[in-house]
Structure formats: structure tokens, C-alpha cells
Amino acid sequence: MPVILITGANRGLGLEFVKQYAACGWEVIATARDPAAAPELSALAKSHRSVRLEPLDIGNHADIKALAARLGQQPIDVLLNNAGWLGDTRKQSFDELDYASFEEVLRINTYGPLAMAKAFMANVQASEQKKIVVITSGLSSLANTSRFGNLYFYRISKAGVNMAMRTLQAEVRAQGVKVGILAPGMVDTRLLRQSGFEGPGVIQAPQSVAAVIGHIDNLTQDAEMILYTGDRLPW
Ligand SMILES: NC(=O)c1ccc[n+]([C@@H]2O[C@H](COP(=O)([O-])OP(=O)(O)OC[C@H]3O[C@@H](n4cnc5c(N)ncnc54)[C@H](OP(=O)(O)O)[C@@H]3O)[C@@H](O)[C@H]2O)c1
């Protein structure tokens with residue numbers, strides 16, 4: 001069966017990705033900062049022998065290297081960079097612009113997926129599907145300026161990771177690797193609640209994840225930003 005490595009698998013969208021891929025019979029390497037402190041994820045690993053838990057903080061390069069060493073030559077069909085952080089909303093308002101906080105958001109949302117791609121490129125290339133995916137945000141679109149005006153760090157970090165993935169796609173096109181930049185919509189998770197958003201249009205994780213999985217299945221080498229609905233989002 002195909003193998004997927006998922007970051008931020010302990011809750012929110014990441015946990016739902018584990019559930020749905022495991023239900024489809026995939027081998028899932030479910031990573032989280034502290035898997036032992038994630039009861040739902042641990043229960044999934046107990047009920048599905050194909051789910052393997054691994055500790056991983058994507059902001060920590062030593063952690064990434066250690067996981068790469070543990071996995072060795074294991075082929076990875078889909079490297080799913082799901083983990084992300086909104087950051088402290090007050091510290092990224094124009095009034096505050098706390099640059100230590102900015103650095104931290106970039107470390108997780110932008111450097112993290114790129115470092116993961118580098119660490120696991122050989123594993124992806126050794127697989128059948130050869131896919132690297134990042135879960136971005138519609139808030140990264142330069143055309144989207146209407147809401148969440150104060151989330152400077154989050155929006156910049158996601159625009160940055162989009163560019164990293166576009167650049168990566170050009171780099172690995174000839175090796176047959178496909179890079180996906182997928183936006184899950186506004187999904188009822190801790191991250192959305194922390195943003196303070198209360199408007200209409202919020203969906204639940206199972207709906208978003210099922211749709212995103214469909215886009216991962218049909219990934220091309222275009223590296224466009226695709227919303228869960230299938231709409232292409234403007235950069
Ligand atoms: N929900 C939405 O409306 C929405 C919209 C657009 C994009 N997204 C994106 O969707 C992805 C998943 O977010 P979510 O909505 O599921 O939010 P969430 O429930 O807050 O989950 C975020 C996940 O990222 C993990 N994470 C954060 N920092 C990490 C680090 N340094 N190393 C490893 N894992 C780390 C968290 O682990 P801990 O429990 O250890 O913190 C958690 O598992 C994110 O990339 C987010 O930007 C979400």
C-alpha cells in the first residue's frame with residue numbers, strides 16, 4: 001500500500017488526514033510533537049496496525065534529521081506538510097509587530113515544510129507516487145486583502161511557503177515529483193478559533209480533508225494553489 005507521512009497529526013486537520021488515509025488502507029507515518037499526549041491519535045494507532053507514530057517538531061532541524069535517520073530508505077508516496085501555526089494574533093498586529101514571534105511563525109510555516117522536503121526528498125523519489133504537499137491558506141493570496149488584516153506573520157509565512165513549493169516544483173519536475181499547494185478552506189479547528197473568525201462559510205474537518213485528499217490523488221506538476229472546492233486561487 002502507499003505510504004504517507006503527515007505532520008501535525010495529533011489534532012485538527014492532521015488527525016483527520018490520519019483517520020481518512022488509514023481507513024483507505026494507506027500506511028501512515030503520523031508525526032506530532034508529542035504523540036504520547038494525543039489520545040485520539042494513539043487510539044488510531046492501536047486500532048490500525050498501518051498507523052505508525054513518530055515524534056517530530058518541524059521547527060527543530062535536529063528532530064527532522066533524526067526522523068529521516070529512523071526512516072532510512074523507506075519510500076514515501078506523499079509527504080504531507082500539514083502542521084502549521086497561526087502565531088500570537090496580538091504580537092503580529094501592526095501595533096506590535098514582535099519580530100521574535102515573526103521568526104517563530106516563519107520557522108514553523110515556511111522553513112519547516114522546506115526542510116521536510118529536503119530531508120525526505122530521497123524517500124519521495126524512491127516511491128511510486130512521488131508527491132510533496134503543503135497545506136497553505138487562502139489568506140496567503142495577495143488578492144485576498146479583505147479580511148484578517150492583522151495576521152501579518154501568518155499570511156506572509158504562508159505566501160512564503162507557496163513560493164518555496166513553486167520553486168521546489170521547478171527543481172524536481174524532471175525527477176517526476178509533484179508538488180501540491182492546497183488550501184483547506186475555513187475549517188473548524190483550534191487554529192481558526194484562535195484567529196477569532198466567526199463569519200459564515202466554516203466547514204468541518206472531515207469535509208475539507210476528503211476534498212483535499214481528492215486533489216492529492218489527482219495532483220499534477222502545475223503547483224497551483226487549489227482550494228478544497230477545486231477552485232484555483234490567485235497568487
Ligand atoms: N483551520 C483552518 O481554517 C485553516 C485554514 C487554512 C489553512 N489551515 C492550515 O491547516 C493546517 C492544519 O491546521 P489546523 O486547522 O488543523 O489547526 P490546529 O488544529 O491548530 O492544528 C495545527 C497542528 O500543527 C501542529 N504544529 C504546530 N507547530 C508545530 C511544530 N513546530 N511541529 C510539529 N507540529 C506542529 C500542531 O501540533 P501541537 O498540538 O503540538 O501544537 C497541530 O497538530 C495548518 O498548516 C494551517 O495553517 C487551516
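A salt bridge is a side-chain nitrogen of Lys or Arg within 4 Å of a carboxyl oxygen of Asp or Glu. The legends below describe close-up views of a predicted model.

**View 1. Salt bridge between Glu 54 and Arg 70.** The side chains of these two residues meet with an N to O distance of 2.8 Å. The pair links distant parts of the chain, since Glu 54 belongs to strand E3 (residues 51-55) and Arg 70 to helix H3 (residues 61-71), 16 residues apart. Glu 54 counts as buried because its relative accessibility is 7%. Arg 70, at 41% relative accessibility, counts as partly exposed.

**View 2. Salt bridge between Glu 104 and Arg 107.** Here the N to O distance is 2.7 Å. Both residues lie in helix H4 (residues 99-125), where they are three residues apart, about one turn of the helix. An α-helix has 3.6 residues a turn, so residues three or four places apart point the same way. Glu 104 is partly exposed, with a relative accessible area of 27%. Arg 107 also counts as partly exposed, at 28% relative accessibility.

**View 3. Salt bridge between Arg 193 and Asp 188.** The closest N and O atoms of this pair are 2.6 Å apart. Arg 193 is exposed, with a relative accessible area of 53%, whereas Asp 188 counts as partly exposed at 32% relative accessibility. Elsewhere, salt bridges that share partners join Arg 52, Glu 54 and Arg 70 into one network.

**View 4. Buried and exposed residues of helix H3.** Ile 64, Leu 67, Ala 68 and Leu 71 are the buried residues shown in H3. These residues lie on the same side of H3 because they cover an arc of only 100° around the axis. Ala 62, Lys 65 and Ala 69 are exposed on the other side of H3. What do the buried residues of H3 pack against? Their packing partners are strand E1 (3-6), strand E2 (27-32), E3 and H4.

**View 5. The two ends of helix H3.** At the start of H3, Asn 60 places a side-chain oxygen within 2.9 Å of the backbone nitrogen of Ala 62. Just after H3 comes Gly 72, which takes a positive phi of about 55°.

View 6. In one, an N or O atom in the side chain of Asp 57 is 2.8 Å from a nitrogen atom of the ligand. In another, the backbone of Asn 82 provides an N or O atom that lies 2.7 Å from an oxygen atom of the ligand. The side chain of Tyr 154 has a polar atom 2.6 Å from an oxygen atom of the ligand. How much of the ligand's accessible area does the protein cover? On its own the ligand has 880 Å² of accessible area, of which the protein covers 93%.

Methods:
Residues are numbered from 1 along each chain as its sequence is written. This is a predicted model: local features need pLDDT of at least 70, side-chain atom pairs count only at pLDDT 80 or more; totals for chains, interfaces and linings use all residues. Side-chain values use heavy atoms; hydrogens and water are left out. Helices (H or I, at least four residues) and strands (E, at least two) are DSSP runs, numbered from the N terminus. Buried means under 20% relative accessible area, exposed over 50%, partly exposed in between (1.4 Å probe, protein chains only). The arc is that of the directions from the helix axis to the C-beta atoms. Contact means heavy atoms within 4.5 Å. A polar contact is a pair of N or O atoms within 3.5 Å; within protein, one must be able to donate a hydrogen and the other to accept it, and residues adjacent in sequence count only if both atoms are side-chain atoms. Accessible areas come from the Shrake-Rupley method with a 1.4 Å probe; for residues, only the protein chains shown count as cover.
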